[in-house]
Amino acid sequence: MKRQSPLYRQIAELIREKIEKEEYRFGQFIPSERELAQKYGVNRMTIRKALSLLIEAGLLLPKPGKGTYVNRPKINSAFDTIQGTTPFLIDMGLTPSYRLIYSGKRTAGWKYSRIFHVPPEEEIFQIFRVCLGDGEPYTLEYIHLPLSLIPDIEQYDFQVYSLSAIYDQMGIVPYHDIQTLEIAQISSPQSILLDVPEGEPVFMLTETITDQNGRVIEYTKSYSSGKKFIFSAVMN
């Protein structure tokens, strides 16, 4: 006989279904603990445990003194396509923006000389920034590019421009993307920039992008909260 899951998990699943069916919509406060306890015929401690599961999963957010409301749906980022964070934010109906941490030149050194196939003393360009959706941090990006890829690259304000828009403007076509996805524990200052607790597991995505000629045009390492993103892939 199949063992029945604990009551609080059953209730959490019922509330999850209501969120998925948009009976409880984003930004809407769900019924109070007292109302839910009456609805499901259980005590408030059971309801509290059920809500804790959904808060931990990122489906609900508590607002002290007011209640608990439905969080934004997670962004489903396809793991088998070449597309930056910005298009995903737009697809979710969010207004994208950037918080630039740093942009400028640096010497390639041993690591990036191997990635870009250039001498270690050659200069490359780097961009560190946070991608925001409606002002909330979603992804922290560490981007490295060959300095020769985009003429006058230092003139661009990467707090305004997305790389995909610049690529389109310059006729640069990302052709192949080798992606590696890992789970990493985030620490300061990355945790502060992403507004997540220090030590929380996050997605760490590494991408090496080449053009039609096999030239590496971008190497990016990004960190995304597991409470805001889902990564999926189609296997043929």
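This is a predicted model: local features need pLDDT of at least 70, side-chain atom pairs count only at pLDDT 80 or more; totals for chains, interfaces and linings use all residues.
The protein chain has 236 residues, and buried residues make up 42% of them. Seven helices and ten strands are present in the chain. Contacts between residues at least 6 apart in sequence were also considered. Of these, 55% join residues at least 24 apart.

Six of the strands form an open sheet with antiparallel pairing. Their order is β4-β5-β6-β9-β8-β7. Strands β4 (96–107) and β7 (176–185) are the edges, and each pairs on one side only. Neighbouring strands are turned against each other by 15 degrees on average, direction ignored. In general, the strands of a sheet pair through backbone hydrogen bonds.

The pairings can be followed across the sheet. Eleven bridges connect β4 and β5 in the antiparallel sense. Here Thr 107 has Glu 123 of β5 as its bridge partner. Strands β5 and β6 are antiparallel and share ten bridges.

Strand β6 in turn runs antiparallel to β9, with six bridges between them. His 144 has Tyr 219 of β9 as its bridge partner. Glu 141 stands opposite Ser 222 in β9. On to β8 (residues 201–210), nine bridges join this strand to β9, again antiparallel. Val 202 stands opposite Ser 225 of β9. The hairpin of β8 and β9 has five residues between the strands. Gly 214 in this hairpin takes a positive phi near 85 degrees.

In β9, nine of the ten residues are buried. Helix α5 (residues 109–116) packs on the sheet. This helix touches β4, β5, β6 and β9, and its direction makes about 120 degrees with that of β9.

Nonpolar side chains tend to be buried together in soluble globular proteins. In this model, the largest nonpolar core has 16 residues. Those with the most contacts inside the core are Ile 15, Tyr 24, Ile 30, Leu 36, Ile 47, Leu 51 and Leu 60. Helices α1 (7–20), α2 (33–40) and α3 (44–56) are the elements that each give two or more residues to this core. Helix α1 gives the most, with five residues. Leaving aside neighbours within four places in sequence, Ile 47 is in contact with Ile 11, Glu 33, Leu 36, Ala 37, Tyr 40 and Val 42. Another core, of 15 residues, lies apart from the largest one. Its members include Ile 127, Leu 149, Leu 163 and Ile 166.

A search of the whole structure finds seven aromatic pairs. One of them is formed by Phe 125 and Phe 158 and is tilted, at 6.0 Å centre to centre with 45 degrees between the planes. The pair links distant parts of the chain, 33 residues apart. Phe 125 lies in strand β5 (residues 123–133), whereas Phe 158 is in the loop between β6 (136–146) and α6 (163–170). Phe 125 has a relative accessible area of 1%, and Phe 158 has 0%. Both values fall under the 20% cut-off, so both residues count as buried.

Tyr 142 and Tyr 223 form an edge-to-face pair, 6.1 Å centre to centre and with 80 degrees between the planes. Tyr 142 lies in strand β6 and Tyr 223 in strand β9 (residues 216–225), so the pair ties together parts that are 81 residues apart in sequence. Both tyrosines are buried. Ring pairs link Tyr 142 and Tyr 223 with Tyr 102 and Phe 128 into a cluster.

Charged side chains also meet rings. The charged end of Arg 129 sits over the ring of Tyr 98, 4.0 Å from its centre. The charged end of Lys 39 sits over the ring of Tyr 40, at 5.6 Å from the ring centre.

How values were computed. Residues are numbered from 1 along each chain as its sequence is written. Side-chain values use heavy atoms; hydrogens and water are left out. Rings of Phe, Tyr and Trp (its six-membered ring) pair if their centres lie within 6.5 Å; planes under 30 degrees apart count as stacked, over 60 as edge-to-face and the rest as tilted. Helices (H or I, at least four residues) and strands (E, at least two) are DSSP runs, numbered from the N terminus. Buried means under 20% relative accessible area, exposed over 50%, partly exposed in between (1.4 Å probe, protein chains only). A charge sits over a ring if NZ of Lys or CZ of Arg is within 6 Å of the ring centre and within 35 degrees of the ring normal. Two strands pair if DSSP finds at least two bridges between them. Axes are lines fitted to C-alpha atoms, for helices over the stretch in contact, and angles run from 0 to 180 degrees between N-to-C directions. Contact means heavy atoms within 4.5 Å. A nonpolar core is a set of buried Ala, Val, Leu, Ile, Met, Phe, Trp, Tyr and Cys residues joined through side-chain atoms within 4.5 Å.
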